[in-house]
Amino acid sequence: MRKKIFLTGLFLLFSLFTTAQVYNPVKWKMSVEKISDTEYELKMNAKIQETWHLYSQNVPDGGPLATHFTFEKSANYKVIGEVIEESGKIINDPVFKLQIKFFEKETIFKQRIKSVGKKPFEIKGELEFMVCNDQSCLPPTYENILFSINPTIAGNSKEENSKTKLEPVFVDTVSKKVVDKTAAIQKTQIKKEKLAVLAEKQNSGSLWSIFLLSLLSGFAALLTPCVFPMIPMTVSFFTKQSKNKTEGIRKAIFYGISIIAIYIFLGAIVTWAFGANSLNALSTNVWFNVLFFILLLIFALSFLGAFEIMLPNALANKADSKADKGGSIGILFMALALAIVSFSCTGPIVGTLLVQAASRGGLAPFVGMFGFSLALALPFTLFAAFPGWLNSLPKSGGWLNTVKVVLGFLELALAFKFLSNADLVLQLHWLEREVFLSIWIGIFATLALYLFGKIQLPHDSPLSSISVGRLSLGIVVLSFTIYLIPGIWGAPLKIISGFPPPLNYSELPNELGTSGSNETKESLPEGAEFGPHNIVAFTDYDMGMNYAKKKGKPVMIDFTGHACVNCRKMEDNVWSDNKVLSILKNDVVLISLYVDDKRELPPGEQIISKITGKKIKYIGQKWSEFQTLTYKTNAQPLYVLVDNNGKKLNEPTAYNPDIEYYLNWLKSGISIFN
């Protein structure tokens with residue numbers, strides 16, 4: 001007993017010292033290096049304190065806040081390419097269940113610019129970033145960026161880097177004073193990144209998943225009406241036009257390699273056009289998610305028979321005429337002719353794969369197109385080597401259109417995932433979990449009816465009976481549809497985890513049939529919503545305090561964040577305990593203040609920060625300022641028990657996965673209130 005009392009007291013003492021401080025673990029230094037007469041490299045150097053880490057610019061959907069640089073447009077310079085970052089460290093985050101990249105100790109970001117004219121000028125911008133350690137995360141921080149450039153001052157060119165050093169200009173981003181620090185040059189001078197940094201390498205596991213998905217998509221494309229009938233025709237051409245079997249095999253192999261080269265070239269164009277790093281940034285952008293939704297919707301409607309996406313006939317005719325010349329060039333154009341002629345079937349699949357690759361960035365477009373083209377090219381090579389296998393192929397028929405239609409339904413379902421991403425970012429609540437799942441249930445139920453022969457589409461052949469394979473696939477789709485239905489009432493649906501919106505992004509988060517609160521959304525107090533585990537929570541401090549006064553209950557303020565890792569750990573592992581959950585639902589009023597809420601405040605509420613001297617534009621900044629000024633700390637999670645007047649009942653506590661400690665902390669504060 002004495003041991004427990006001692007440990008509890010020790011934890012409370014630890015909380016007192018660890019929560020009552022304001023953290024500033026990242027120091028930024030800005031410098032400029034002259035590359036040529038007109039080109040400069042802007043360097044943003046971050047020094048990160050021990051145990052803390054700074055997130056990459058490229059963070060997957062559903063992850064923490066990414067580092068982001070914004071430069072003001074000016075007639076004095078042009079931005080060249082994207083901000084380049086170092087390789088960093090990639091981990092499989094157990095909370096977000098995503099591969100996330102971050103930096104430790106020190107890192108540098110670089111941006112090339114080209115000056116226009118000879119007049120001195122300034123480059124202004126804004127830096128947004130977020131840092132975490134093993135116990136807490138800090139709210140998003142915004143820093144001003146300032147670079148001073150004078151093109152008339154002679155400096156080192158790119159070729160003279162090893163001989164002459166240009167004295168950089170350092171900027172204190174807090175005071176915004178520009179200071180020359182010659183002695184600091186060597187500290188911030190780093191080695192040139194290898195060319196591979198320009199096309200940042202993704203984790204091998206992520207690339208393997210793209211490769212396998214693309215490979216399966218390629219095999220699916222083989223079974224479409226535009227590709228499958230061409231297999232025997234093309235193989236027959238090689239075997240008949242060759243003097244011997246060896247020559248036929250050689251030509252078929254070159255044909256397969258040509259197919260692969262054409263699609264990899266397409267992946268290279270996509271990467272070059274957008275940039276390896278910017279592909280990932282685009283995938284998290286609202287408007288690009290909407291664009292991806294529209295593209296996949298068009299592809300799906302095409303597969304379902306509404307129309308056909310075709311390249312101009314003149315292009316196909318030109319490729320055919322070049323193919324007639326024979327030789328290696330003729331075979332290459334024959335492969336190009338296949339890609340063009342089959343575009344109405346392969347185009348939507350390739351488009352979908354490139355959209356998926358864009359969400360991964362880096363080498364994903366190359367890997368995706370390689371996997372797809374490899375599956376497409378293999379049959380031509382293998383059947384040329386073993387022509388007898390052609391006899392085992394099924395005959396072309398209506399089943400090929402069935403494959404195309406099934407792919408159309410799958411593309412339609414995937415399209416709504418991208419629309420959901422946009423809705424989540426904007427927090428519009430137009431596509432909440434119930435709506436999303438209802439759409440998917442409708443899509444897959446219709447697909448099941450189609451497979452059972454109850455629905456026919458424009459290009460379908462008359463169906464007198466269905467095959468065993470089609471029946472089996474219909475049963476699988478129907479079973480999946482039934483599996484989705486309980487998700488409308490809160491079932492986690494682990495098989496498709498990550499596709500639908502999260503459980504609390506819902507019209508009715510309190511699922512039916514669970515113990516606890518029986519309240520519905522309509523019966524919630526004004527300004528309240530259902531939080532984790534269906535706890536009634538307020539996201540506005542004043543509304544929550546007013547409700548607590550009416551009910552005569554103490555308040556637990558939960559300083560949290562949408563992208564806070566340890567906040568989710570506490571909610572999943574500590575709040576889920578029956579005893580803790582009972583207190584949070586019945587004995588306190590929960591006020592959850594999200595410090596990374598990026599919704600803009602009304603103009604009348606946008607005040608100047610007492611901490612930074614900058615305007616507070618976002619709701620999250622308002623709560624972060626409140627936390628820092630009132631409780632002298634800016635780390636999350638932070639839990640504070642207060643009475644109806646906002647007075648602390650006991651010392652606040654931070655991240656601590658010990659359930660018994662957290663339970664005792666709750667009980668001690670409530671007992672003081674009572």
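Is K648 buried, partly exposed or exposed? K648 comes out partly exposed, with a relative accessible area of 39%; buried here means under 20%, exposed over 50%, and partly exposed in between, using a 1.4 Å probe and protein chains only. Everything below comes from a predicted model, where local features need pLDDT of at least 70, side-chain atom pairs count only at pLDDT 80 or more, and totals for chains, interfaces and linings use all residues. Residues are numbered from 1 along each chain as its sequence is written, and side-chain values use heavy atoms, with hydrogens and water left out.

**View 1. K648 meets E651 in a salt bridge.** The N-to-O distance for this pair is 3.7 Å. For a salt bridge, a side-chain nitrogen of Lys or Arg has to sit within 4 Å of a carboxyl oxygen of Asp or Glu. E651 is partly exposed too, at 30% relative accessible area.

**View 2. R112 reaches E41 through a salt bridge.** Here the closest N and O atoms are 3.3 Å apart. R112 belongs to strand 8 (residues 106-115) and E41 to strand 2 (residues 39-48), so this pair ties together parts that are 71 residues apart in sequence. Strands (E, at least two residues) are DSSP runs, numbered from the N terminus. How do the two ends compare with solvent in mind? R112 is partly exposed at 24% relative accessibility, while E41 is buried at 6%.

**View 3. R599 and D597 form a salt bridge.** Their side chains come to 2.6 Å, N to O. R599 is partly exposed at 44% relative accessibility, whereas D597 is buried, with a relative accessible area of 10%. By the salt-bridge rule, the count comes to eight.

**View 4. Strand 9 pairs with strand 11.** Strand 9 (residues 121-129) and strand 11 run antiparallel to each other over nine bridges. Zoom in on E122 and you'll find S148 of strand 11 standing opposite.

Conventions:
Helices (H or I, at least four residues) and strands (E, at least two) are DSSP runs, numbered from the N terminus. Two strands pair if DSSP finds at least two bridges between them.
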